[in-house]
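Biologist: Could you take me through this model step by step, and tell me how each term is meant as we reach it?

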Amino acid sequence: MNQRRNYGQYCGLAGALDIVGERWTLLIIRELLTGPCRYNELLANLPGLGTNLLADRLKFLTEVGLIRQRSREGSKVKAYELTEQGEGLREAVLVLARWGLGVLTEPKAEYIVRPRWAVLAVEAMAAPTVEGPDEQYEFRIDDDVFHITVHEGKVSVAHGKATAEPALVVHTDAVTFVDIGAGRLDPLEATLTKRIVMEGDEDAIIRCSRLLGLVA
């Protein structure tokens, strides 16, 4: 394993930061929390991260057992994915993402936003359990599609189209979605200005909005 600087403190938080506290590391984890990625996909989704530094971070995360490479089904092309230990960071990343939405200000012109990041934003915003019928809500954000499933009161988020007829389909773009999640844009205003279009009955819209904490 590479010799790296550490805090030299016998503390759980310090131990965690020894591994994931370096610049870019948690953003690499963010990308893999939404699904396996090839090296070039990671490089494309993390503008500003040089190829040598990405290679170094991936090597280190592999050595400490947070990620691994595996061939995709039906292909010899390998992609990086989280191990069980790496998946254990999901809750911590979601808490940070939820907190971070509250401190976002108006994005600068040079800021990058990716539709796939909305998956993590939704997961961060969504209540883990909710009362109501079993149903799915489909989100079409720019060129990405994912869905929320409510089943027996439990909530899950996954990439791809809804596996059943969705009770609600939401059309929007990534910037608008983050603005709503950050509380910088009122959902009603976004609807009236057509920045977000929702197809479904009023009750489903209300249930989904409550699930995401957008209405009381």
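Biologist: Which residue takes a positive phi in the hairpin of strand 4 and strand 5?

Modeller: This is a predicted model, in which local features need pLDDT of at least 70 and side-chain atom pairs count only at pLDDT 80 or more, while totals for chains, interfaces and linings use all residues. Residues are numbered from 1 along each chain as its sequence is written, and side-chain values use heavy atoms, leaving out hydrogens and water. Strands here are DSSP runs of E with at least two residues, and helices are runs of H or I with at least four, both numbered from the N terminus. Two residues lie between strand 4 and strand 5 in their hairpin, and the one with a positive phi, near 55 degrees, is Glu152.

Biologist: What is the order of the five strands in the open sheet?

Modeller: Strands count as paired if DSSP finds at least two bridges between them. The edges are strand 5 (154–159) and strand 7 (196–200), each of which pairs on one side only, and the twist from one strand to the next averages 15 degrees. The pairing is mixed, and the order is 5-4-3-6-7.

Biologist: How many of the eight residues of strand 4 are buried?

Modeller: Buried means under 20% relative accessible area, with exposed over 50% and partly exposed in between (1.4 Å probe, protein chains only). Strand 4 is mostly covered, and its number of buried residues is six.

Biologist: At what angle does helix 10 run to strand 3?

Modeller: Helix 10 (residues 202–211) lies across strands 3, 4, 5, 6 and 7, where contact means heavy atoms within 4.5 Å. Axes are lines fitted to C-alpha atoms, for helices over the stretch in contact, and angles run from 0 to 180 degrees between N-to-C directions. The angle of helix 10 to strand 3 is about 80 degrees.
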